[in-house]
Amino acid sequence: MKTKLFTIVFFAMVCVFGACTTPPQDKIVGKWNLSKIETDQKLSEDEKLAYDSFIEELIKSTSITYNSDFSYEQTANGNTTKGKWQIISGSDDESTLKLQTTDDSGQKVTVSLETLTDDEMVQVSVEEDPNQGKITTKNYFKKSTK
């Protein structure tokens, strides 16, 4: 009886802590719509007005579809980019998942996935600016239900 109970508890724990979780590759497949952008970039008042207007239009027009064959298609401001995508595990000292895209021209972009659920994704990028130092940008996406 103890052996059966141990087996049931063991499989329940495996299911809860590992085997029953959806892999990130499966969560990311589908169409995602940009819903918000946050950045710590310092802007003047004039730059901020232009930036806010640009971001508003970008949010309205940006979607990315990640396909199960690891291809993607991104549309932003009427321009479409296609390429391949992959999930990269963090290094030994970093547990953050990373999403890397490579467009048809060979340009690679890697972002950290701060959040990845069945319906929400937050991509974080950090770039070095000679005048401002590190600039962090967070792109928030919601999965399309259509």
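Thr102 stands opposite Lys108 in strand 6 of this predicted model. The two strands involved, strand 5 and strand 6, pair in the antiparallel sense over six bridges. They form a hairpin with four residues between the strands. Within that hairpin, Gly106 takes a positive phi near 100°.

Strand 5 covers residues 97–103 and includes Thr101. Is Thr101 buried or exposed? Its relative accessible area is 14%. The cut-off for buried is under 20%, so Thr101 counts as buried. Look at what surrounds Thr101. Leaving aside neighbours within four places in sequence, Thr101 is in contact with Tyr66, Tyr72, Lys84, Trp85, Gln107, Lys108 and Val109.

Trp85 has Thr101 as its bridge partner in strand 5. Strand 4 and strand 5 pair in the antiparallel sense, over six bridges.

Follow Tyr66 next. Residues up to four places away in sequence are again not counted. Tyr66 touches Ile28, Val29, Gly30, Trp32, Ser71, Tyr72, Trp85, Leu99, Thr101, Met121 and Gln123. Gly30, in that list, has Tyr66 as its bridge partner in strand 2. Strand 1 and strand 2 pair in the antiparallel sense over four bridges.

Tyr66 also belongs to the largest nonpolar core, which has 18 residues. Which members touch the most other members? They are Ile28, Trp32, Tyr66, Trp85, Leu99 and Met121. Several elements give two or more residues to this core: strand 1 (30–39), helix 3 (45–61), strand 2 (63–66), strand 3 (71–76), strand 4 (79–88) and strand 6 (108–116). In soluble globular proteins, nonpolar side chains tend to be buried together.

Strand 1 has a further partner. Strand 1 and strand 8 (residues 133–143) pair in the antiparallel sense over seven bridges. Here Ile37 stands opposite Asn139 in strand 8.

Asn139 brings us to the largest pocket. Its volume is about 810 Å³. The pocket is lined by 30 residues. Which of them lie nearest its centre? They are Leu58, Gln74, Val109, Gln123 and Asn139.

Key. Residues are numbered from 1 along each chain as its sequence is written. This is a predicted model: local features need pLDDT of at least 70, side-chain atom pairs count only at pLDDT 80 or more; totals for chains, interfaces and linings use all residues. Side-chain values use heavy atoms; hydrogens and water are left out. A nonpolar core is a set of buried Ala, Val, Leu, Ile, Met, Phe, Trp, Tyr and Cys residues joined through side-chain atoms within 4.5 Å. Buried means under 20% relative accessible area, exposed over 50%, partly exposed in between (1.4 Å probe, protein chains only). Contact means heavy atoms within 4.5 Å. On a 1 Å grid over the protein atoms alone, a cavity is a set of points where a 1.4 Å probe fits but cannot get out, and a pocket is an open set with protein on both sides within 12 Å along at least five of seven lines; lining residues have an atom within 4 Å of a point. Grid points are joined across faces, edges and corners, and a volume is the space filled by probe spheres set on the points. Two strands pair if DSSP finds at least two bridges between them.
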